[in-house]
Amino acid sequence: MERALRRPEDGLSRPPTPDRTAAPGASEAADVALAASGDQRAFERIYRQHVARIHSLARRMLGGEGDPDELTQDIFVRAWERLGTYRGEAAFGTWLHRLAVNAILNWRRTEAGARGRVDEGVDAELIEGARQAGGEDLDLEGAIRRLPPGARQVFVLHDVQGFKHEEIATMMGVTAGTSKAQLHRARMLLRAMLER
Amino acid sequence: MDAHLGERLSALVDGEVGGAEREAAEAHLTACAECRAAYDALLRIKRHAEALDDRPPERDLWPGVAARLGQAATVIPLAPRRRRVAFSIPQLAAAALVLMAASAGAVLLATHAGHPAAASPFASPTVAPIAGLASAKGVESYDAAIRDLENTLASRRSTLDTGTVRAIQQSLSIIDGAIRQAEAALAQDPNSMYLNSHLEHALGRKLEVLRRVTTLAAAS
Amino acid sequence: MRPILALAVVPAIALAARALAAQDIDTTIAVRTGARFELNSVSGSVKIQTWNRQQIRVVAETDGARVDLDASAGSVTVRTEPRRGEGDVDFTITVPGGTPLEAHAISADIEVNQVCGEATLGSISGGVTLRCANGDTQIESVSGDVEASDVRGHLDISSTSGDVDVSGVHGDVSARSVSGDVSLERVDGQDVRAETVSGDVGFSGPIHDGGRYAFHSHSGDLTIRPDGDINAIVSVSTFSGDMESDWPMTINPGGGYVHPREWEFTIGSGSAKLSLESFSGTIYLRRGGASHRGDR
């Protein structure tokens, strides 16, 4: 039986990605509070702090489809509108990140869904196409772009952003088994595209 | 049994396989060069993905965002885009609004001239940082944010109905009570991690309530 | 927005109740799969229910408030504009199952039955009741009570002065109040958090290996009843409260003259993290009833 004191867990939400930027901490909390009450300059500071991450997420999730610039702007506008619902219990970056993922997945559902289920394509063709187009310079980012949408999204959410399969399943409306299968498929495709 | 690991490779790479199954898989990896090469490759890809850097967009997107923020504040009927909800209640937007601070018993009047009352109706005795408080800096910035919000709230013509205001003020006074108790306890034991985090947490709750109220009171 | 093959699309309709008589609405709009519904109301009531048709039906009984309806095959948005002195609108909305919903009101109560999609619901002084949701679910009120049952997905639910009642959830939950009680019954998640300041907290459900569970109050009691056997590191923090536990624990408060009591003990393999805090209330950690697995 242990005796050691341990700090009781306060913020239970774990940020899916390790925060590579310096954690702003309390000054960001103040900016968020100000922005929630209408201060646009405070919101601009928040924007500058997070735009690289959100835009990268949008770029990678979309592959070549859609406009990551427009989607990024949509996400921040939506965050502004929803600031009133931010509780302060999770790190703000986590809350924003989750909002972004939902917005991106919803965008796909409305814009792409109308086209009907896009069959994911034959893997061999994808690999061959990637090798020819990329040549020697195909890097991981380029290869991710070439993944079929379902596999790409799961790969970005799991390996790049750090979500777990259960979370991905809930967000995407699939089973955890599907998520795992798509992840494996994505990794195998990437391996094939990147290896000579 | 399957000669090769197939999809379980990914589960292995992610550390999701345990016990006997893991041992069997590792035994297979030792014996099978093809699967081992695949395992190594998938692990490399995963590590590479984890290390990908975030790049900002090539052009500055802020002007596009800022242009749309201005629209978000007003409620316009028939708007196809989602907007932030902010309502005023006409029957309550009288010239003078009496707000009662339930706990303090102070009565403040928003004057006809539009000057905010002497003190914000939502203000409370300031929480002074305590010497020895491990997160004094954290408390100070909470204080600053709390004061900012209280002032913002006071300077706006509040259009919330009195019942809601009363409920909010009651909640704020409950939180203030918790803050005072935490401070008193902390004075006796400044090094307690629980009390430090509890105080900070109570301040955070207060901030959250004020933030929500300020958003609600935003005039259209 | 790319053009979408639309079924009978109803153009924007504005019904201005300039006449003295109440202007009621009963409109049905054909929508495509995945169409969203959004409502902003002030006072009165909002009931949202479901049917098997690929249509959204909006029924509004109003005593003079203006109701604006903006509809397309992909989304239907309803707003009310209260007129001076009046403003009650009673809405009954019928939507296809799974419709993503967003509804906000000032004082109206909101009730959503069996739609079973994503939902974001909020009222300031009204109460919110949600039965059945899938996906991200968010419910809030300032002074009203909030209730959610039969939810699959991430639930975020809060009231400032009202009670929070949650039952039958499969997914992570964050539930908060300031002066109200927070009750989580049959909540099955990996990450569960309930907190209040002066109210009580109750919880029943499984404690999963590797999960994180936190229950906090300032002056209220915590009654935590995990299902079956658990593996957890339990950290307990209190200042002047008490604790009673059905599991054996070694209490070792930090020594000294006046001390808050905080300690930790391990049950089983200590895989999950269970955090129990009440500044002055009593903490009860009780063995739960027979497992409810199989409920869903």
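Reader: Hi! Are α7(A) and α9(A) roughly parallel or roughly perpendicular to each other?

Author: Roughly perpendicular, a label for angles of 65 to 115 degrees, because the axes of α7(A) and α9(A) cross at roughly 95°. Those axes come within 8 Å; they are lines fitted to C-alpha atoms over the stretch in contact, with angles running from 0 to 180 degrees between N-to-C directions. Bear in mind that this is a predicted model, where local features need pLDDT of at least 70, side-chain atom pairs count only at pLDDT 80 or more, and totals for chains, interfaces and linings use all residues. Residues are numbered from 1 along each chain as written, with chains lettered from A and ligands numbered from 1 in the order written.

Reader: Thanks! Which residues of α7(A) meet α9(A)?

Author: From α7(A) there are A:G150, A:A151, A:R152, A:V154, A:F155 and A:H158, and they meet residues of α9(A) including A:L183, A:A186 and A:L189. A contact here means C-beta atoms, placed from the backbone, within 7 Å. The residues divide into six nonpolar, four polar and two charged; Ala, Val, Leu, Ile, Met, Phe, Trp, Tyr, Cys and Pro count as nonpolar, Asp, Glu, Lys and Arg as charged, and the others, Gly among them, as polar.

Reader: Switching to the contact between chains A and B: how many residues does each chain give?

Author: Chain A gives 43 residues and chain B gives 49. On the chain A side, the elements that give two or more residues are α1, α2, α3, α7 and α9. Helices are DSSP runs of H or I with at least four residues, strands are E runs of at least two, and both are numbered from the N terminus.

Reader: And which of them gives the most?

Author: α2(A), with eight residues.

Reader: What about A:Q49, where does it lie?

Author: A:Q49 lies in helix α2 of chain A. A:E28 is 21 residues away from A:Q49 in sequence and 9.4 Å away in space, C-alpha to C-alpha.

Reader: Why is α3(A) described as largely enclosed?

Author: Eleven of its 15 residues are buried, so the rest of the structure largely encloses α3(A). Among the buried ones are A:F76, A:V77 and A:W80.

Reader: Last topic, chain C: how many helices and strands?

Author: Chain C has zero helices and 27 strands. Of its 296 residues, 55% count as buried.

Key
Two residues are in contact if their C-beta atoms, placed from the backbone, lie within 7 Å. A residue is buried if 20 or more other C-beta atoms lie within 10 Å of its own, exposed if 12 or fewer, and partly exposed in between; C-beta atoms are placed from the backbone. Angles under 35 degrees count as roughly parallel, over 145 as roughly antiparallel, 65 to 115 as roughly perpendicular and the rest as oblique.
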